Amino acid sequence: MAATARRQQNTLSSARLREALVGYAFIAVPMGIFFVFFIYPLLYSLYISRYDWGVFGKIETVGWANYQELWHDEIFWRSIKTTLKYTVVVVPLEMALALSLAVIVNAGIRGRSFFRSAFYFPSLASSAAITAIAIYILSADGLLNAIIGGDRSWFGDSDTALWSIAGLNVWTTSGTMMLFYLAALQAIPTDVYEAAAMDGAKTWRTFWKITFPLLKPGHFFVSVVAVIGALQVFDQAFIVSNGSGGPSYSTLTAVLYLYRTAINDVRFGYAATIGIALFVLIFTLTLIQRLLFGKAETA
């Protein structure tokens, strides 16, 4: 009897080991890709940030001097300020527009599939192509000024350049955020709406008292994705300013400053320092969002 029990125990242990090995085998490839393309570049950036790294490799060990220089770099802090201003404006507008579109396409309206595709289409189009069209529309002699009777170059004016990029990105990225909200909306049980209808709740009250609170996990996820995307804005700022971040540094974002430092100034070590600082900023803001709003996701 004891021998039989030991054999059964050994068989069970072997089965659990095989199951664990199969599980690890399934995640080995994606984890390997994640390490090669994400973890290794991060560690390598941290390594070269302590060197005066040029075109031909590491030239001189500078220790933490790059970080000291970055702390006193006025242009870097200006780029951070510009990026944060952009983020504060873009993220709420993205979330509001995406939620509105998700509510519309989630309703039982005619042509719902068409509207889902139409709202999502700008997210599929090339941002470079969309920005090129926007430059034409928002130029001094473009379509917008022809309609409103103005003569402002919206991307060429330091007062409006950043906000023009913000409006462009709100429109192009809201379709992706809409899909996230749509998934969260469809996860809400229908019986809560039936109970609200039986109680005579109106549409707006149902949305504000039932739908919006139950979307808290969706709010958290969308806000994290939107903030990370806004802090990494680059291509539109690069295209409209021809890589200069102008006019008057109004479109110089943190990633664009990193690009200019690495490519124009050929200072890869200092550019890596900027990248590490940006990573710390994004990680800190994500952690704050998790601490403030993430509890709703696990509630």
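This is a predicted model: local features need pLDDT of at least 70, side-chain atom pairs count only at pLDDT 80 or more; totals for chains, interfaces and linings use all residues.
Close-up 1. A search of the whole structure finds 16 aromatic pairs. In the pair of F234 and Y259, the ring centres lie 5.4 Å apart and the planes meet at 55 degrees, so this pair is classed as tilted. Because F234 belongs to the loop between helix 10 and helix 11 while Y259 belongs to helix 12, the pair ties together parts that are 25 residues apart in sequence.

**Close-up 2. The aromatic pair of F238 and Y259.** The rings of F238 and Y259 are arranged edge-to-face, with 5.2 Å from centre to centre and 80 degrees between the planes. Since F238 is found in helix 11 and Y259 in helix 12, this pair ties together parts that are 21 residues apart in sequence. The relative accessibility of F238 is 26%, so F238 counts as partly exposed.

**Close-up 3. P213 and T206 in helix 9.** Helix 9 spans residues 203-214 and includes P213; T206 lies in helix 9 too. At 31% relative accessibility P213 counts as partly exposed, whereas T206, at 13%, counts as buried. When neighbours within four places in sequence are left aside, P213 is in contact with F207 and W208, and T206 is in contact with Y193, A196, A201 and T211. Although P213 and F238 are 25 residues apart in sequence, their C-alpha atoms are 39 Å apart in space.

**Close-up 4. The largest nonpolar core, with Y181 among its residues.** This core has 47 residues, and those with the most contacts inside it are Y86, Y181 and L215. Several helices each supply at least two residues of the core, among them helix 3 (74-106), helix 7 (161-186), helix 10 (216-231) and helix 13 (268-293). Not counting residues up to four places away in sequence, Y181 touches M95, A98, L99, A102, L215, G218, H219 and V222.

**Close-up 5. An aromatic cluster that includes Y40.** One aromatic cluster is formed by Y40, Y44, Y47 and Y51.

**Close-up 6. Charged ends over the rings of W154 and Y270.** The charged end of R152 sits over the ring of W154, at 5.3 Å from the centre of that ring. In a second example, the charged end of R267 sits over the ring of Y270, and here the distance to the ring centre is 4.5 Å.

Conventions: Residues are numbered from 1 along each chain as its sequence is written. Side-chain values use heavy atoms; hydrogens and water are left out. A nonpolar core is a set of buried Ala, Val, Leu, Ile, Met, Phe, Trp, Tyr and Cys residues joined through side-chain atoms within 4.5 Å. Buried means under 20% relative accessible area, exposed over 50%, partly exposed in between (1.4 Å probe, protein chains only). Helices (H or I, at least four residues) and strands (E, at least two) are DSSP runs, numbered from the N terminus. Contact means heavy atoms within 4.5 Å. Rings of Phe, Tyr and Trp (its six-membered ring) pair if their centres lie within 6.5 Å; planes under 30 degrees apart count as stacked, over 60 as edge-to-face and the rest as tilted. A charge sits over a ring if NZ of Lys or CZ of Arg is within 6 Å of the ring centre and within 35 degrees of the ring normal.
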